[in-house]
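The sequence and structure are shown below.

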Amino acid sequence: MEIKEAIKERHSVRQFKDIPIEKEKADRLTELIKECNEESGLNMQLMLDDPACFDTFLAHYGRFKNARNYIAIVGDKSKEDLDEIGGYYGEKIVLEAQMMGLNTCWVAGTYSKGKSRINAADGERIVCVIAIGYGENSGKPHRSKPVEKLCNVPEKDMPDWFREGLDAALLAPTAVNQQKFLISLEDGEPVISAKNSPLAKVDLGIVKYNFEAASGHKCR
Ligand SMILES: Cc1cc2nc3c(=O)[nH]c(=O)nc-3n(C[C@H](O)[C@H](O)[C@H](O)COP(=O)(O)O)c2cc1C
């Protein structure tokens with residue numbers, strides 16, 4: 001599966017089958033997380049078999065089932081752009097996982113930091129987690145805002161690569177599907193900004209990763 005296909009096929013999955021992630025896939029995820037941590041300075045962690053993390057009222061209310069594996073997005077709390085970097089590298093892992101046949105769901109609210117086994121040092125902050133496993137289903141496409149609300153470039157002025165990036169950005173997961181971002185083109189460069197809203201910076205990193213992966217152009 002190619003990355004653009006993974007972007008199209010990825011949807012949030014909250015009900016998982018009661019089967020473990022095979023060692024070979026877990027090892028590949030661990031290796032990828034290690035590389036991403038080295039590149040970003042994050043301390044992301046693959047947590048296998050820790051269902052207590054999702055043993056909360058909100059998780060049940062949110063219809064999570066058999067959620068026991070996840071990736072914890074953790075980093076230095078003094079890093080100003082921690083949320084955005086966490087979103088960016090987390091989405092990279094989400095799409096790789098999709099290509100491995102695994103399903104995911106970003107989770108910032110419906111989990112318990114306290115009950116989980118996540119290792120966060122004093123100077124670190126847990127940004128959020130990403131539930132991962134074999135879904136009972138593959139989720140369904142989210143509703144998107146009209147493209148004019150998310151991008152201020154007229155259709156006729158969009159280079160082909162920009163259109164590809166934009167389509168992938170519209171498919172990106174955002175907290176409560178809020179899509180609080182704006183994509184523009186400045187001096188031929190794609191620029192994505194976040195509106196002021198909770199978790200919008202995590203979303204921004206996610207949206208930038210999708211745009212870059214599909215368009216091959218680095219975003220500002
Ligand atoms: C930063 C972030 C936090 C999220 N937190 C939660 C959460 O706490 N509980 C939940 O059920 N879904 C959560 N989601 C999933 C969103 O609701 C979902 O991505 C959005 O509705 C779009 O749907 P899709 O992922 O299927 O495209 C979160 C998504 C993001 C990006």
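Arg163 is partly exposed, because 15 other C-beta atoms lie within 10 Å. The classes used here are buried for 20 or more other C-beta atoms within 10 Å of a residue's own, exposed for 12 or fewer, and partly exposed in between, with C-beta atoms placed from the backbone. The model is a predicted one, in which local features need pLDDT of at least 70, side-chain atom pairs count only at pLDDT 80 or more, and totals for chains, interfaces and linings use all residues. Residues are numbered from 1 along each chain as its sequence is written.

**Selected residues and helix α6**

Arg163 belongs to helix α6 (residues 160-170). Helices (H or I, at least four residues) and strands (E, at least two) are DSSP runs, numbered from the N terminus. Between the C-alpha atoms of Arg163 and Arg14 there are 30 Å, the two residues being 149 residues apart along the chain. In α6, the buried residues are Gly165, Leu166, Ala168, Ala169 and Leu170. These buried residues of α6 pack against α1, α5 (147-150), β5, β6 and α7.

| Residue | Other C-beta atoms within 10 Å | Class |
|---|---|---|
| Arg163 | 15 | partly exposed |
| Gln179 | 22 | buried |
| Leu199 | 21 | buried |
| Ser78 | 9 | exposed |

Gln179 sits in the loop between α6 and β5 (181-186), and its phi is near 45°, a positive value in a residue other than glycine. Leu199, in the loop between β6 (189-194) and α7, is likewise not a glycine and has a positive phi of about 70°. Most residues other than glycine have a negative phi. Ser78 occupies the loop between β2 and α4 (82-99).

**Strands**

Strand β4 (residues 124-133) has eight of its ten residues buried. Strand β2 (residues 70-76) pairs with β4 in the antiparallel sense over seven bridges; pairing requires that DSSP find at least two bridges between two strands. Asp76 has Glu124 of β4 as its bridge partner. The pairing of β3 with β4 is also antiparallel and spans five bridges, and here Asn103 has Gly133 of β4 as its bridge partner.

**Domains and their contact**

An automatic or database domain assignment supplies the domain bounds. The chain is divided into domain 1 (3-133) and domain 2 (147-215), whose C-alpha centres lie 22 Å apart. Their contact takes 19 residues from domain 1 and 16 residues from domain 2, two residues being in contact if their C-beta atoms, placed from the backbone, lie within 7 Å. On the side of domain 1 that touches domain 2, α1 (3-9), α4 and β4 each supply at least two residues. The largest share of that side, ten residues, comes from α4. By class, this side of domain 1 holds nine nonpolar, four polar and six charged residues. Here Ala, Val, Leu, Ile, Met, Phe, Trp, Tyr, Cys and Pro count as nonpolar, Asp, Glu, Lys and Arg as charged, and the others, Gly among them, as polar.

**The nonpolar core**

The largest nonpolar core has 60 residues, of which Met44, Ile71, Ala72, Ile73, Val129, Ile130 and Ala131 touch the most other members. Domain 1 (3-133) and domain 2 (147-215) both give residues to this core, so the core lies between them. Such a core is a set of buried Ala, Val, Leu, Ile, Met, Phe, Trp, Tyr and Cys residues joined through C-beta atoms within 7 Å. Apart from neighbours within four places in sequence, Ala72 is in contact with Met44, Gln45, Met47, Ile118, Ile126 and Val129.

**The ligand shell**

The ligand is surrounded by 22 residues, the closest being Ser12, Trp106, Gly109, Pro173 and Asn177. The elements that give two or more residues to this shell are β3 (103-107) and α7 (200-215). The shell comprises eleven nonpolar, nine polar and two charged residues. Because domain 1 (3-133) and domain 2 (147-215) both give residues to the shell around the ligand, the ligand lies between them.

Conventions:
A residue is near a molecule or strand if its C-beta atom, placed from the backbone, lies within 6 Å of it.
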